[in-house]
Amino acid sequence: MWFAEASVSQVREAPRIRVEQALLALFTIAGTVGILKGLPPDLIDGSEYYWVLSYRHGFIKRGFVGTLVRPLLERWSFDQLKPLIMTAHIAACLWIVYACYRLFRWALHGERDVEARITLTMSFLCLMCSQLMPTLAHDAGYVDVYVIALVLGAFSLIVKERYVEAALLTAVGPFVHESFIFVWAPVAIILLWSSAVTKAGVGKKLLAAAMPAVLTAAVIVLHSDRAVRLSIEAAPLSEDTKGLLITHIFEQTIPSAFHHMMVYDFRDDLGNFAIAAAYFLLPAAVLIWAAAFCYGRAWPARRTTFLVVVLATLSPLTILVLAWDLSRFLAWSNLAAFVALIASGSRTLLPPTRRA
Amino acid sequence: MKRRIHAVALNAALAGVAVFYMFSPTVYAYFSEVSMVYSHVPEWFAATAPAHLTARIFDRYNANAPRAVRFRQTLSCFLVGPARRGPSGCTHALGYGETVSGPPMLKITSGQYVARFEFSSSASCVGPVRVEVLTAGRFGRVLAGYSGPVPPDGRVELPFRLRLMAAALGTVEFRATGLGQCAELARADWREASDVERAWASPVTPDRRAPSR
């Protein structure tokens with residue numbers, strides 16, 4: 001009898017699941033439109049240094065990508081390399097769309113409630129239409145797409161309980177850019193909360209959560225000013241760019257960046273910040289609502305988990321006390337809301353309560 | 001039933017937000033300045049309600065942009081082109097067909113303005129000129145223009161109206177071209193139109209497409 005019921009249920013479920021999966025696949029087009037909307041004709045000004053500074057003269061922060069492409073730069077000029085960088089950028093954008101699709105598909109598989117499945121499908125559309133993909137595509141030449149690709153790769157391993165592999169993958173991030181720690185923050189917050197709630201696999205979860213923080217600290221400590229100056233001097237960049245790189249990026253310290261942001265940006269343009277934040281964070285707010293709707297009933301310590309989800313969503317914005325690329329960082333919160341949505345429905349990270 | 005109503009409301013919100021952001025432009029914002037682009041999507045995206053709403057939301061964003069203030073104070077110093085520059089770097093001797101234009105990536109809020117080009121009135125260098133104000137970029141248009149002799153006081157004033165979408169999607173550019181043997185552009189700037197100038201401004205005139213350079 002049970003088998004008979006199960007088979008009838010499967011017959012009913014199968015087409016519905018196929019429809020939702022077909023819709024998910026269709027909604028990746030929205031992500032592609034987003035990429036097209038933002039993609040510039042050429043690399044963004046100021047992005048060249050990621051590709052031409054390397055560890056040749058010693059260890060420097062943000063030198064990893066340049067070290068990888070250095071063999072190519074010995075053969076070709078930077079201008080000849082530009083089409084390759086642009087192609088890699090587009091490929092990374094498309095991979096991010098695909099990774100988000102895979103994670104939503106994974107979430108759909110674990111969900112039997114029809115309303116929740118529809119909501120998850122629509123949440124994917126919302127994420128793909130948000131400013132996340134246009135903003136990422138716009139920054140051609142910056143390494144944000146690779147940072148986010150790494151975060152999504154590691155997060156995919158986390159939801160499959162492969163914490164050690166995830167930790168190893170995140171180890172690359174801080175070498176690409178120290179901002180990795182801010183994009184990883186939502187996953188780390190969820191992992192910490194999961195450790196507190198489940199008391200299972202605590203060591204592995206903490207390892208995955210803390211690895212980027214430890215390595216970011218190491219990158220900052222080990223960074224050599226002398227090496228960066230030599231590297232900048234040797235780089236095929238204009239003298240103006242070299243000067244700006246030293247004064248605006250590599251001579252900046254955490255206290256000086258913080259002081260600049262507080263004195264100039266937040267004090268003078270608080271109104272603008274409020275406008276931009278309201279505009280960019282709307283999809284994140286709706287995704288949090290979706291998380292609460294789909295999984296809220298099953299969350300352990302419901303109110304606290306909701307606060308954790310909100311905190312995880314807003315956590316990448318802490319970078320704004322140090323850096324002024326406002327929309328670039330606000331868009332990360334949409335990604336963070338998506339991570340929080342998927343993670344909060346994971347039965348291994350936040351096991352459902354018995355009542356649910 | 002209650003959950004179903006909740007689901008309908010939530011999915012309507014998700015769909016609404018998705019449609020809005022799908023058609024809105026890529027918004028690239030710093031704390032003091034914002035720009036918007038539609039790079040490789042059809043132009044009709046810019047005619048949709050989300051595009052207009054986004055432009056309206058961010059319309060006053062650039063009101064106190066430090067770059068615009070700097071450009072306004074010394075606009076002629078930021079004009080570039082093949083014309084010979086004076087010792088200060090801010091005057092331009094325009095020979096026949098020589099053009100200077102700029103500044104780079106100027107974003108200002110929508111509204112009515114008056115651009116002013118001042119030419120030196122030395123008798124040896126007073127050829128006719130063409131001056132224009134235009135928006136650059138994919139949706140670029142000529143906003144105002146004048147071709148002819150330099151007036152006796154050396155000053156050409158061009159009232160122009162920067163519409164909401166033009167301000168959102170374009171960057172404002174000033175351009176001067178020599179049409180005679182010689183004309184020396186000494187100064188340029190722009191200011192908001194006074195109430196009288198607004199009242200006298202001609203009603204809506206169709207913008208022309210900016211000629212490609």
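Reader: How many bridges join strand β7 of chain B to β10(B), and do the two run parallel or antiparallel?

Author: In this predicted model, eight bridges join β7 (residues 129-136) of chain B to β10(B), and the two strands run antiparallel. At least two bridges are required for strands to count as paired, and β7(B) and β10(B) have eight.

Reader: What makes strand β5 of chain B a partner of β10(B)?

Author: Five bridges join β5 (residues 99-106) of chain B to β10(B), where at least two are needed for pairing. These strands, too, run antiparallel. L106(B) has V172(B) of β10(B) as its bridge partner.

Reader: Why is strand β10 of chain B called mostly covered?

Author: A residue counts as buried if 20 or more other C-beta atoms lie within 10 Å of its own. Of the eight residues of β10(B), residues 171-178, seven are buried, and the strand is therefore described as mostly covered.

Reader: Why are helices α16(A) and α17(A) called roughly antiparallel?

Author: The axes of α16 (residues 302-314) and α17 (residues 326-344) of chain A cross at roughly 150° and come within 7 Å. Angles over 145 degrees count as roughly antiparallel, and these helices are therefore placed in that class. Their crossing is right-handed.

Reader: Which residues make the contact of α16(A) with α17(A)?

Author: On α16(A) they include V309(A) and A312(A), and on α17(A) they include A336(A) and V339(A). By class, the contact has seven nonpolar, four polar and no charged residues.

Conventions
Residues are numbered from 1 along each chain as its sequence is written. Chains are lettered from A and ligands numbered from 1 in the order in which they are written. This is a predicted model: local features need pLDDT of at least 70, side-chain atom pairs count only at pLDDT 80 or more; totals for chains, interfaces and linings use all residues. Axes are lines fitted to C-alpha atoms, for helices over the stretch in contact, and angles run from 0 to 180 degrees between N-to-C directions. Helices (H or I, at least four residues) and strands (E, at least two) are DSSP runs, numbered from the N terminus. Angles under 35 degrees count as roughly parallel, over 145 as roughly antiparallel, 65 to 115 as roughly perpendicular and the rest as oblique. A crossing is left-handed if the near helix is turned anticlockwise from the far one by less than a right angle, and right-handed if clockwise. Two residues are in contact if their C-beta atoms, placed from the backbone, lie within 7 Å. Ala, Val, Leu, Ile, Met, Phe, Trp, Tyr, Cys and Pro count as nonpolar, Asp, Glu, Lys and Arg as charged, and the others, Gly among them, as polar. A residue is buried if 20 or more other C-beta atoms lie within 10 Å of its own, exposed if 12 or fewer, and partly exposed in between; C-beta atoms are placed from the backbone.
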